[in-house]
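Subject: Two-chain model, handover and findings

Hello,

Here is the structure we spoke about. Please look it over, then read the notes below it.

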Amino acid sequence: MSDIKKFMYVNRKAPYGTIYAWESLEVVLIGAAFEQEVSMAFVDDGVYQILKGQDTTEIGVKNFSPTYSALGDYDVNKIYVEKESLEERGLTVDDLLDLKYEDEDDDWAEKDSIKVVTSKELAEILEQQEVVLSF
Amino acid sequence: MSTLHTINKSPFDRASLQSCLRLAADGNAILLFEDGVYGAMKGSTVAELVEKALSNKTIYVLGPDMKARGVDESKLIDGIKVVDYKGFVELTVENDKVNAWV
């Protein structure tokens with residue numbers, strides 16, 4: 001089957017308080033296994049999902065934040081973070097996980113997966129998608 | 001009557017923190033836990049509201065929930081106190097009642 005579609009997963013919820021963030025990540029990894037063109041957006045409280053330094057030892061819940069680092073190996077390397085959402089929360093890109101991928105078209109050079117975009121830019125990216133799944 | 005107010009929702013997801021700060025009496029204690037811990041961070045659009053409340057209220061944040069979410073103590077608004085589970089229990093005992101802003 002060569003019916004490849006552009007999938008965008010939009011993440012708008014903080015991790016741990018609800019199951020949305022973890023469910024989204026699972027669905028993204030499943031979707032990627034079907035070799036679709038997958039991208040992700042982190043908007044509103046969704047930006048908290050990819051804060052670095054998460055340690056869930058004391059709350060007895062699985063810390064799934066290291067899993068985001070595996071996305072690059074599944075060719076999920078277009079990760080958009082809305083600038084306005086970061087700013088509203090007093091965050092910068094330095095507060096986020098350092099997500100990388102190896103670019104097979106550029107001698108496997110290691111590149112950043114995360115791209116901070118404005119609301120306007122993200123609106124255009126969303127408009128280009130064929131399937132949008134919101135969590 | 002001393003009251004402990006608890007907040008477990010992000011201030012950007014719903015207005016529990018904002019409503020609590022508007023309606024809690026001077027001298028009351030407020031504990032931020034679960035997704036409520038995001039309200040304790042410096043530099044956000046709600047930080048000014050929280051800083052103002054600190055002049056006449058005591059604000060606590062639950063350490064284990066901060067750590068889980070990658071919120072480092074260095075990111076907290078000055079004056080907010082970190083408590084552990086034992087501290088949470090003590091706050092519920094010290095106060096006459098608990099008002100949970102779910």
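Two residues are taken to be in contact if their C-beta atoms, placed from the backbone, lie within 7 Å. On that basis, the contact between the chains takes 19 residues from chain A and 19 residues from chain B. On the side of chain B that touches chain A, helix H3(B), residues 63-68, gives the most, with four residues. By class, that side of chain B has eight charged, six nonpolar and five polar residues. Please keep in mind that this is a predicted model.

Chain B

Chain B has five strands and four helices, and from the N terminus its elements run β-α-β-α-β-α-β-α-β. Its radius of gyration is 12 Å, against 13 Å from the globule rule for 102 residues, so chain B is as compact as a globular protein of that length. The C-alpha trace of chain B spans about 35 × 30 × 25 Å along its principal axes. Of the 102 residues in chain B, 46% are buried. Among contacts in chain B between residues at least 6 apart in sequence, 70% join residues at least 24 apart.

The five strands form an open sheet with parallel pairing, in the order S4-S3-S2-S1-S5 (chain B). Its edge strands are S4(B), residues 81-83, and S5(B), residues 97-101, and each pairs on one side only. From one strand to the next the twist averages 25 degrees. Helix H1(B), residues 16-23, packs on this sheet and touches S1(B), S2(B) and S5(B), with its direction at about 160 degrees to that of S1(B).

S2(B) pairs in the parallel sense with S1(B) over four bridges, and with S3(B), residues 58-62, also in the parallel sense over four bridges. Leu32(B) takes part on both sides: it is the bridge partner of Ile7(B) and stands opposite Val61(B) in S3(B). Along S2(B), Ala29(B) and Leu31(B) point one way while Ile30(B) and Leu32(B) point the other way, and all are buried. In a regular strand, side chains alternate between the two faces of the sheet.

The largest nonpolar core has 53 residues, and those touching the most other members are Ile30(B), Leu31(B), Leu32(B), Val37(B), Ala40(B) and Val61(B). Leaving out residues up to four places away in sequence, Val61(B) touches Leu32(B), Val37(B), Ala40(B), Met66(B), Leu76(B), Ile80(B) and Val82(B). In soluble globular proteins, nonpolar side chains tend to be buried together.

One loop residue deserves a look. Gly39(B) sits in the loop between strand S2 (29-32) and helix H2 (47-53) of chain B. Is Gly39(B) buried or exposed? Gly39(B) counts as buried because 27 C-beta neighbours lie inside 10 Å, where the cut-off is 20 or more. Apart from neighbours within four places in sequence, Gly39(B) is in contact with Ile7(B), Pro11(B), Leu17(B), Leu32(B), Val46(B) and Val50(B). The C-alpha atoms of Gly39(B) and Phe12(B) are separated by 8.5 Å, and the two residues are 27 apart along the chain.

Chain A

Chain A also holds an open sheet of five strands with parallel pairing, in the order S6-S3-S2-S1-S7 (chain A). S6(A), residues 114-117, and S7(A), residues 131-134, stand at the edges with a single partner strand each, so one side of each is left without a neighbour in the sheet. Neighbouring strands of this sheet are turned by 25 degrees against each other on average, direction ignored.

S1(A) and S2(A) pair in the parallel sense over six bridges, and Tyr9(A) stands opposite Met40(A) in S2(A). Helix H1(A) packs on the sheet, touching S1(A), S2(A) and S7(A), and its direction makes about 170 degrees with that of S1(A). Helix H3(A), residues 119-127, lies across S1, S2, S3, S6 and S7 of chain A, and runs at about 140 degrees to S3(A).

Most residues other than glycine have a negative phi. Tyr16(A), however, has a positive phi near 70 degrees, and Glu35(A) has a positive phi near 55 degrees. Tyr16(A) lies in the loop between strand S1 (6-11) and helix H1 (20-33) of chain A, and is buried, with 23 other C-beta atoms within 10 Å. Glu35(A) is in the loop between H1 and strand S2 (37-42) of chain A; with 12 C-beta neighbours inside 10 Å, Glu35(A) counts as exposed.

Regards

Methods: Residues numbered from 1 in each chain as written. Chains lettered and ligands numbered in written order. Predicted model: local features only at pLDDT ≥ 70, side-chain atom pairs only at ≥ 80, totals over all residues. Helix = DSSP H or I, 4+ residues; strand = E, 2+ residues; numbered from the N terminus. Nonpolar A, V, L, I, M, F, W, Y, C, P; charged D, E, K, R; others polar. Rg over C-alpha atoms; globule rule 2.2 N^0.38 Å. Core = buried A, V, L, I, M, F, W, Y, C linked by C-beta atoms within 7 Å. Pairing = 2+ DSSP bridges. Axes fitted to C-alpha atoms, helices over the stretch in contact; angles between N-to-C directions.
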